[in-house]
Amino acid sequence: MPRVYNFSAGPAMLPEEVLQQAREELLDWRGTGMSVMEMSHRGKEFMSIAAQAEADLRSIMAIPEGYKVLFLQGGASSQFAMVPLNLLGSKKSADYINTGSWSKKAIAEGKRYCEVNIAGSAEYSVPSQADLRLNPDAAWLHYTPNETIAGVEFPYIPDAGEVPLVADMSSTILSRPLDVSRFGLIYAGAQKNIGPAGLTVVVIREDLIGDPLPTTPSMFSYRIHADSGSMYNTPPTYSWYLAGLVFDWVKRNGGLEAMARINQRKAQKLYAAIDASDFYSNPVEPACRSWMNVPFTLADAALDTTFLAEAGEQGLVTLKGHRSVGGMRASIYNAMPEEGVDALVAFMADFERRYG
Ligand code: PMP
């Protein structure tokens, strides 16, 4: 079976070269006679893998001095709680922007620990900077730069003044260059643009690694993870290694500038196909359309199963939309080749010709 074009929102496609390299190194990592999966996380081999991955991530994201990079477990979902536990300090409230399902999850968890002020909200769009009602006394401003389910992406970075900006970048990290210095904290589950599930990357400004609330479990303390180089307990070693291979792949392929050029082109092709037809539609305001997750519906939902079945026969898989919204969703992260998008666009045109 040749490899399919997998449009899954996550876990998602990995670059084929990365998988080939992992296969070559699976049984014997560089003459050690063992797999990375079998290595002690404290041995010099794995320590070198871990350090190289961090150095490469720092280099491709241009992470400035004064930020720690943590390689954690628990998914982005754990960060919904870790942020309040570690950043609240003596403050009482935090600001959140609500642009969809993942914002709502972060807000619900935040409410367990502090007063939540909804600084702005929108559906199929994002609030403008001018519309944000920011509290200068908030402990942080949280937002979701890319809403994976509805396919809504911020075209700008909110300005919260002195208040630290916290971003759930799970589905947009590494999709384009980013000015990290604008952020207090960035977190992302790995399983979209970074590597396999099981790893969560946190980039945190050092002055925010304060003291967590007293009842915080050790595993939820940024301080403990930062002080131990993300080795307080056994980290997800194999996911960390594969993430390192992906960072190296990004570097060798022109870095985030190159990723951005290709990603923008891929997204434009798909949106152009949707907009050119009355058969397909996407409800998101054009300026806020995601480069990574492109949801669309068919004019007749009764054709959904036929569309999915026929697409699958052509090696275009996992196009079913999220259960909460229905329709289709094509997730086109860095590892989705442009040929995959071209094949999808061609299939969509052909399907419309036959059923539209
Ligand atoms: N935030 C966003 C924007 C996501 O897309 C996801 C996963 N789809 C999550 C959070 C939850 O991530 P995890 O499954 O790693 O907890």
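Visitor: In what sense do strand 3 and strand 4 pair, and over how many bridges?

Guide: Keep in mind that this is a predicted model. Strand 3 covers residues 93–98 and strand 4 covers residues 115–121. Serine 93 stands opposite glutamate 115 of strand 4. The pairing is parallel, over 6 bridges.

Visitor: What unit do strand 3, helix 4 and strand 4 make?

Guide: Look at helix 4, residues 101–110. Together with strand 3 and strand 4, helix 4 makes a β-α-β unit, and its hand is right-handed. So, with the strands pointing away from you, the path from the first strand over the helix to the second runs clockwise. The name to write down is a right-handed β-α-β unit.

Visitor: Where does the largest nonpolar core lie?

Guide: This core has 57 residues, and Leu57, Leu174, Ile194, Tyr241 and Phe247 have the most contacts inside it. Its largest share, 10 residues, comes from helix 6 (residues 237–252). Domain 1 (17–252) and domain 2 (255–355) both give residues to the core, so it lies between domain 1 and domain 2.

Visitor: Is cysteine 114 buried or exposed?

Guide: Buried means under 20% relative accessible area. Cysteine 114 has 10% relative accessibility, so it falls under that cut-off. That makes cysteine 114 buried.

Visitor: And how many disulfides does the structure hold?

Guide: Cysteine 288 is buried too, at 3% relative accessible area. As for disulfides, the count is 0.

Notes. Residues numbered from 1 in each chain as written. Predicted model: local features only at pLDDT ≥ 70, side-chain atom pairs only at ≥ 80, totals over all residues. Heavy atoms only, no water. Core = buried A, V, L, I, M, F, W, Y, C linked by side-chain atoms within 4.5 Å. Buried < 20%, exposed > 50% of the residue type's maximum accessible area, 1.4 Å probe, protein only. Helix = DSSP H or I, 4+ residues; strand = E, 2+ residues; numbered from the N terminus. Domains from an automatic or database assignment. Disulfide = S-S within 2.5 Å. Pairing = 2+ DSSP bridges.
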